[in-house]
Amino acid sequence: MARISYSEAARQAVAEEMRRDAGVWALGEDLGRGGVFGQYKGLQEEFGPERICDTPISEAGIMGAAVGAAMAGTRPIVEMRFSDFALCAVDELVNQAAKARYMFGGQIKVPMVVREPVGMWRSSAAQHSQSLEAWYAHVPGLVVAMPATPADSKLLLKAAIRCDDPVVFMEHKNFWGLEDEVGEMPDDDAALIAELGKARTARAGDDVTVVAWSGTVHAALEAAERLAGDGVSAEVIDLRTLWPWDRDAVFASVRRTGRLIVAHEAVATGGFGAEVAASVAEHLHRDLKAPVRRLGAPRIPISYAPPLEAEARVTAGRIAAAAQGLVEEPA
């Protein structure tokens, strides 16, 4: 076990997979100097500019080149700097990469990873703070992963690189410096890829289930700690991947607790939390002791001003209050 940061864990994942497979390479802006958040630090020195490629500022060009290279047999890692900027390349991803394997009857695969840093970070304002995971989860053909810990930053990125489908890999900007223990990774392809679609029980509990992902997992864990002081036992499930998502893990937890809160940083309207909530309501309505609750950001642009930015956050306090309300509601 080694204690490393979220950013370093991802950097190690890329380096290890590049050493293992000569077909793995990365392209994007400023990779030669280590990337915006240091997630490629030292990689161009080891692998050269042919495999750690600096590109012009053209997201559509970056994504289009990667799609063609993936179809030709390599495994590109596409760095989009911010998820907001990736919207300039959404046609290449959604209309080409996501559909090619189906439209060619399986004769072509598109094994590529699209790294998109997401979330609110240091008053980055409306054009650099969005969490748009629901857009990609809606698109058939795309895998969507959102690691919340350094261990998953490494494990899920290695799994994404080995996956034969395009993976949108969304990393929370606020946690690049987060440190935790990271152990040895499995090296078997099947075992690694199986992690895409497997949830993690971050904290066990009996009274209420809180499903979250990415940065909101940490708020949910803080809320669970507060609730424990009031005698409420909250189970926190880190979904880890939104597509495929681990319905079995969520359903098993809700069958035990009878209560569900889905919490995410993205706008609540049309958010992926609605998919989780609706699935539980449809299949487990007889097991529920209270209505399902969703917590997400209001449908407003994220402000530069810290007090207004804070109003859009799903905090531990909001999660704890919602859980307390569910537990106190008559069955």
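A residue counts as buried when its relative accessible area is under 20%, with a 1.4 Å probe and protein chains only as cover. The model discussed here is predicted. K158 falls under that cut-off: its relative accessible area is 4%, so it is buried. K154 is also assigned to the buried class, because its relative accessible area is 7%.

Both lysines have a salt-bridge partner in E16. The side chains of E16 and K154 meet with an N to O distance of 2.8 Å. This pair links distant parts of the chain, with E16 in helix α1 (residues 6–20) and K154 in helix α6 (residues 150–162). The two residues are 138 apart. E16 also forms a salt bridge with K158, where the closest N and O atoms are 2.9 Å apart. Here, too, helix α1 is tied to helix α6, so the contact joins parts that are 142 residues apart in sequence. E16 itself has 27% relative accessibility and therefore counts as partly exposed.

A further salt bridge connects R256 and D206. Their closest N and O atoms are 3.6 Å apart. R256 sits in helix α9 (residues 247–257), whereas D206 lies in the loop between β9 (200–203) and β10 (208–212), so the pair ties together parts 50 residues apart in sequence. R256 is partly exposed, because its relative accessibility is 43%. D206 reaches 53% and so counts as exposed.

Across the model, the count comes to 28 salt bridges.

Strand β7 (residues 167–172) is mostly covered. Six of its six residues are buried. V167, F169 and E171 point one way from the strand. V168, M170 and H172 point the other way. Residues on both sides are buried, E171 and H172 among them.

Two strands pair with β7. The chain passes from β6 through α6 to β7. This β-α-β crossover is right-handed. Helix α6, the connecting element, is also the helix that holds K154.

M103 belongs to helix α4 (residues 90–103). Its relative accessibility is 62%, so M103 counts as exposed.

Key: Residues numbered from 1 in each chain as written. Predicted model: local features only at pLDDT ≥ 70, side-chain atom pairs only at ≥ 80, totals over all residues. Heavy atoms only, no water. Helix = DSSP H or I, 4+ residues; strand = E, 2+ residues; numbered from the N terminus. Buried < 20%, exposed > 50% of the residue type's maximum accessible area, 1.4 Å probe, protein only. Salt bridge = Lys/Arg side-chain N within 4 Å of Asp/Glu carboxyl O. Right-handed = clockwise from strand over helix to strand, strands pointing away.
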